[in-house]
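Please find below a short note for a colleague who has not looked at this entry before. The points follow the order in which I went through it.

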Amino acid sequence: MTTIIYSFTGTGNTLAVARQLGDALGDTTIIPITRVTGNGPLPHDAEPADAIGIAFPVYYMDMPRIVVEFVHRLRLNGNPYIFGIATCGGSPGGPSFISTHSSKRRGPASPLALR
Ligand SMILES: Cc1cc2nc3c(=O)[nH]c(=O)nc-3n(C[C@H](O)[C@H](O)[C@H](O)COP(=O)(O)O)c2cc1C
């Protein structure tokens, strides 16, 4: 099973968690969201993979804006399993950031809903 984790990190916690999960899963590629957004305009066409993760730190009980923009404008290939990884300092806020943010744009049947 191939996995891609798109990761945003400020101080390194989220990247460390993404790496640990990638090591456990095997066949995982970690792509910094800043590299994608810095390389050109969104939307970004996701690399083909069986599973796609979005890893981010909780900022103000929500997703960082850069991650919200990225999720909104990520175009998926096929129907990969989607999951989220959130690190926080103890106050995570709502449990379904990705579902909430994606459904605003894509409707309740969003392929980016957190499962
Ligand atoms: C601007 C900012 C806002 C944050 N807001 C929250 C928050 O609302 N709840 C929380 O539990 N932690 C919050 N944190 C802590 C981070 O989510 C936590 O330290 C996270 O593990 C940092 O991940 P990183 O090392 O990948 O940047 C905040 C940190 C920053 C810098």
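1. The model is a predicted one. Along the sequence Met63 and Ala86 are 23 residues apart, and their C-alpha atoms are 8.5 Å apart in space.

2. Met61 belongs to the loop between β4 and α3 as well. Buried or exposed, with 11 other C-beta atoms within 10 Å? Met61 is exposed, because the limit for that class is 12 or fewer. Its phi is positive, at about 60°, although Met61 is not a glycine.

3. For the overall layout, the protein chain has four helices and six strands. In sequence order they give the pattern β-α-β-α-β-β-α-β-β-α. The protein chain has 115 residues, of which 24% count as buried. Among contacts in the protein chain with a separation of 6 or more, 75% are between residues 24 or more positions apart.

4. Strand β1 deserves a point of its own. Five of its five residues are buried, so β1 is largely enclosed by the rest of the structure. The cover is on both faces: Thr3, Ile5 and Ser7 are buried on one side, and Ile4 and Tyr6 are buried on the other.

5. What is the sense of the pairing between β1 and β2? The two strands run parallel, and five bridges join them. Strand β2 covers residues 28-32. Within β2, Ile30 stands opposite Ile5.

6. Pro32 is also placed in strand β2. Pro32 and Tyr6 are 26 residues apart along the chain, and 5.7 Å separates their C-alpha atoms.

7. Helix α1 spans residues 13-25, which is 13 residues. From its first C-alpha to its last α1 reaches 18 Å, close to the 18 Å expected at 1.5 Å a residue. Just after α1 comes Gly26, with a positive phi of about 75°.

8. Asp27 lies in the loop between α1 and β2. Asp27 has a positive phi too, near 50°, and is a residue other than glycine. Asp27 counts as exposed because 12 C-beta neighbours lie inside 10 Å, and exposed means 12 or fewer.

9. Ala18 is a residue of helix α1. With 25 C-beta neighbours inside 10 Å, Ala18 counts as buried. Which residues does Ala18 touch, not counting those up to four places away in sequence? They are Ile5, Ser7, Ile30, Ala55 and Ile85. Ile5 and Ser7 are buried on one side of β1, and Ile30 is the residue of β2 that stands opposite Ile5. Between the C-alpha atoms of Ala18 and Phe56 there are 9.2 Å, while 38 residues separate the two along the chain.

10. The largest nonpolar core has 18 residues, and those that touch the most other members are Tyr6, Ile54, Ala55, Phe56, Val67 and Phe70. Two or more residues of this core come from each of β1 (3-7), β4 (51-57), α3 (65-72) and β6 (81-87). The element that gives the most is β4, with four residues. In soluble globular proteins, nonpolar side chains tend to be buried together.

11. Tyr6 links several of these points. Leaving aside neighbours within four places in sequence, Tyr6 is in contact with Ile31, Ile33, Ile54, Ala55 and Phe70. Of these, Ile54, Ala55 and Phe70 are listed with Tyr6 among the core residues that touch the most other members.

12. The last point concerns the ligand. There are 17 residues around the ligand, and Gly10, Asn13, Thr14, Pro57 and Gly89 come nearest. How do the residues of this shell divide into nonpolar, polar and charged? Seven are nonpolar, 10 are polar and none is charged.

Definitions and conventions
Residues are numbered from 1 along each chain as its sequence is written. This is a predicted model: local features need pLDDT of at least 70, side-chain atom pairs count only at pLDDT 80 or more; totals for chains, interfaces and linings use all residues. A residue is near a molecule or strand if its C-beta atom, placed from the backbone, lies within 6 Å of it. Ala, Val, Leu, Ile, Met, Phe, Trp, Tyr, Cys and Pro count as nonpolar, Asp, Glu, Lys and Arg as charged, and the others, Gly among them, as polar. A nonpolar core is a set of buried Ala, Val, Leu, Ile, Met, Phe, Trp, Tyr and Cys residues joined through C-beta atoms within 7 Å. A residue is buried if 20 or more other C-beta atoms lie within 10 Å of its own, exposed if 12 or fewer, and partly exposed in between; C-beta atoms are placed from the backbone. Two residues are in contact if their C-beta atoms, placed from the backbone, lie within 7 Å. The expected span of a helix is 1.5 Å times one less than its number of residues. Two strands pair if DSSP finds at least two bridges between them.
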